Amino acid sequence: MNDSIIKELKNIFKSRLLLEVDDRVSYSYDASFGQYMPDAVVQVLSTEEVVKVVNIAKEHNIPLYPRGASSSLSGGPLPVHKGIVLDFSQWDDTLEIYPEDLIVKVSPGVITDRIHELANQHNLMYAPDPSSSRICTIGGNLAENAGGPRGVKYGVTKDHVLGLEIVTANGDVVKTGGNTVKNVTGYDLTKLIIGSEGTLGIITEATLRLIPKPEDTLTAMVIFEDIVVAGESISKILSSGIHPSKMEILDKNSINRVEDFRQLGLPRDADAILLIEVDGNKKVLHDELNEVKKVLASLNVTNVKIAQTKDEEKELWEVRKLVSPAIVKSGYTKLSEDATVPLSKIPDMFNKVNELKEKYNLNLVIFGHAGDGNLHPNLIINMRDDDEVKRAEKAIDELFKFTISIGGTLSGEHGIGTMKRAYMKEELKEAGLNFQKLIKQALDPQNILNPGKIFPEKDEQRIVLKNE
């Protein structure tokens, strides 16, 4: 990057322009794999600053990489072609709630949990609840279309966004959607931008939909001797008329990891456990779980434990929260995937994961959001062991292709980024991939917005866990 460009950036950002190697290294990685050094980092605090940076990038053909809290598990913000990283983590000044309209307006750097807390103060709820909500930014949630345990009943991020302000690759400021639930004026550009990972426009503000907070919740833990039966139970419960707010499943490996980590009295010999939460009017919650028990009884499953107090309910959900810290106890690198499959194929996915674990001799567990088929196979890898890395790459390759073959999708909530782009053609086929490329080319003809994401690089055919 030449001196004249640096001077332009310096005039805009002053001390918020980071050029030193030590600073740039901090922006060269996220929670996935790979490390790519940007040429510069700017800490953005306004839409006007984004416009100025886009105009500089457009004039000099410089790649731009929007970045939030760097908690991405897919490589979404990685500056794979150098250029400028736009750090939005400091831009959190707008967090305005309008309770009568059931909306909240936010800057891209607002931590998701702050939205939950503000909504709760007004007896409202922002439904999307990604597991990283204590650290992730809403901008990153929007870019990746984040989900969470409540997705089974309330959907994912895109289902709770009414409007956006974005800066286009041409430097224009565009408003999409609005403040109303119903809005069919023209194309649904809001839905197009959400999940596009910063490749079509840079989000500078969002209007989010809130809903009334459920009166109460009730949780049960179901213990299964056979994981196939656990998979069957999920479809039967959801088709019975009961609509749980959360359904989380853990396989035997996950159960034992958690029990090793924190002795909670979990059933080590269980093939799987299912955590089920229902929410709503407290007068009907026990009736709903009794209906769940009837469905389970039809499958000869009777080991159901219902939380009797809020402390017991909290303890049950602590089991789910402890899975990630439990499986990284070894200190090695964790690769968290989020392949999503039809509900009827959940047992097949569990069996495939166990097969890959044995075939490639890997530390592999699986858990996830059972109610919407969004599963999280997790690999713990010693990145210094080249042979183990190669075995992991082969296992992931098989896992992705198997997921697609049974009617599933590469990603339910983590995004494509760099980690899964090699498999996009496998799922979308050539015509589908080319159609998406046409959208990208129309909105970003210079390819300056987060290049190197979603679309495969030339001749790219597999995941690579180490830079080659």
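Asn300 lies in the loop between α10 (282–297) and β15 (304–306). The model is predicted, and the values below are computed from it. Phi of Asn300 is near 65°, which is positive although the residue is not a glycine. With a relative accessible area of 70%, Asn300 is exposed, because the cut-off for that class is over 50%.

Asn145 sits in the loop between α5 (138–144) and α6 (151–154). Its phi is positive, about 55°, and Asn145 is likewise not a glycine. The relative accessible area of Asn145 is 14%, so this residue is buried, the limit being under 20%.

Thr94 is also a loop residue, placed between β4 (84–87) and β5 (95–98). Its relative accessibility is 14%, and Thr94 therefore counts as buried.

| Residue | Relative accessible area | Class |
|---|---|---|
| Thr94 | 14% | buried |
| Asn145 | 14% | buried |
| Asn300 | 70% | exposed |

Which residues does Thr94 touch, leaving aside those up to four places away in sequence? The contacts of Thr94 are Lys105, Val106, Ser107, Val110 and Glu205. Ser239 stands 145 residues from Thr94 along the chain, and the C-alpha atoms of the two are separated by 41 Å.

Notes: Residues numbered from 1 in each chain as written. Predicted model: local features only at pLDDT ≥ 70, side-chain atom pairs only at ≥ 80, totals over all residues. Heavy atoms only, no water. Helix = DSSP H or I, 4+ residues; strand = E, 2+ residues; numbered from the N terminus. Buried < 20%, exposed > 50% of the residue type's maximum accessible area, 1.4 Å probe, protein only. Contact = heavy atoms within 4.5 Å.
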